[in-house]
Amino acid sequence: MTRQEQPSRVIRFRLELASAITLVAAVALGACNGGGTSSPPGPIRSTRITEFAVPSKASHPAYIATGSDGALWFTETAANKIGRVATDGTITENATGLSSLSQPMGITGGPDTALWFAEQSAGNIGRTTTSGAVSEYATPSGSPYQITTGADGALWFTEPATNNIGRITPAGAVSEFAVPSGNSPQGIVAGPDGNL
């Protein structure tokens with residue numbers, strides 16, 4: 001049986017508290033069996049890490065999501081900004097339209113091609129278009145933390161301080177659902193069965 005070189009590539013962005021976006025490109029060039037069999041690639045033989053500094057120092061990039069424009073969008077919790085990094089590493093930031101001390105946390109690509117994010121300190125759900133136009137929607141209980149797009153086309157978010165799961169439509173209509181006391185829901189993601 002012959003052995004062939006089977007290249008595979010893993011590319012991902014990771015956020016670091018040191019106010020840098022880190023692009024990790026791990027290229028695995030492991031040998032795998034020929035003859036059409038499927039086997040895992042061999043060990044990673046080379047890794048390249050490139051860091052791109054965020055313009056606002058000590059901005060504390062927190063969460064990241066892919067935008068409909070092909071760029072990556074991230075929240076800058078300490079700087080109260082929304083950042084955008086192109087795949088070539090060009091970074092732009094936007095604070096226009098955000099409440100002061102908004103402390104944006106979770107961010108997700110929405111069903112309307114915009115990015116939606118949770119403003120923990122301001123108690124808002126924010127929305128930014130890929131051109132940078134920001135809208136904010138107040139939540140009844142405040143302190144939203146994480147956010148995701150649901151199968152119903154709405155955005156769903158957690159409110160750990162008030163034990164709620166919130167829902168906001170792309171038109172801005174907000175509703176909340178209480179969870180049992182003391183649970184402090186934090187992370188949220190859309191499940192394969194249509195539930196959150």
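Here are some notes on the predicted model above, point by point.

1. Ground rules. This is a predicted model, so I kept to its conventions: local features need pLDDT of at least 70, side-chain atom pairs count only at pLDDT 80 or more, and totals for chains, interfaces and linings use all residues. Residues are numbered from 1 along each chain as its sequence is written, and side-chain values use heavy atoms, with hydrogens and water left out.

2. The sheet. Look for an open sheet of four strands, ordered β6-β7-β8-β9 and paired antiparallel. Its edge strands are β6 (61-66) and β9 (91-94), each pairing on one side only. From one strand to the next the twist averages 25 degrees. On terms, strands are DSSP runs of E with at least two residues, numbered from the N terminus, and two of them pair if DSSP finds at least two bridges between them. For the angles, axes are lines fitted to C-alpha atoms, and values run from 0 to 180 degrees between N-to-C directions.

3. β6 and β7 (residues 72-76) pair in the antiparallel sense over four bridges. If you want a place to start on this pairing, Pro61 stands opposite Glu76 in β7.

4. The cores. The largest nonpolar core has nine residues: Ala65, Ala71, Trp73, Ile82, Leu98, Ile107, Leu115, Phe117 and Val134. There is a second, separate core of eight residues, including Ile125, Ile147, Leu155 and Phe157. A core here is a set of buried Ala, Val, Leu, Ile, Met, Phe, Trp, Tyr and Cys residues joined through side-chain atoms within 4.5 Å. Buried means under 20% relative accessible area, exposed over 50%, and partly exposed in between (1.4 Å probe, protein chains only). As background, nonpolar side chains tend to be buried together in soluble globular proteins.

5. Two residues and their neighbours. Leaving out residues up to four places away in sequence, Ala65 touches Ala71, Leu72, Trp73, Ile107, Thr108, Gly109 and Leu115; contact means heavy atoms within 4.5 Å. Thr148 sits in strand β14 (residues 147-149) and is buried, at 9% relative accessible area.

6. Salt bridges, starting with Arg84. The count comes to four, taking a salt bridge as a side-chain nitrogen of Lys or Arg within 4 Å of a carboxyl oxygen of Asp or Glu. The side chains of Arg84 and Asp69 meet in one of them, at 3.0 Å from N to O. Arg84 lies in strand β8 (residues 81-85) and Asp69 in the loop between β6 and β7, so the pair ties together parts that are 15 residues apart in sequence. Arg84 is partly exposed at 24%, and Asp69 is partly exposed at 31%.

7. Asp112 with Arg127. Their closest N and O atoms are 2.9 Å apart. Asp112 is in the loop between β10 (104-109) and β11 (115-119), while Arg127 is in strand β12 (residues 124-128), 15 residues apart. Asp112 is partly exposed at 22%, whereas Arg127 is buried at 17%.

8. Asp152 with Arg167. This salt bridge has its closest N and O atoms 3.0 Å apart. Asp152 is partly exposed at 42%, and Arg167 is partly exposed at 22%.
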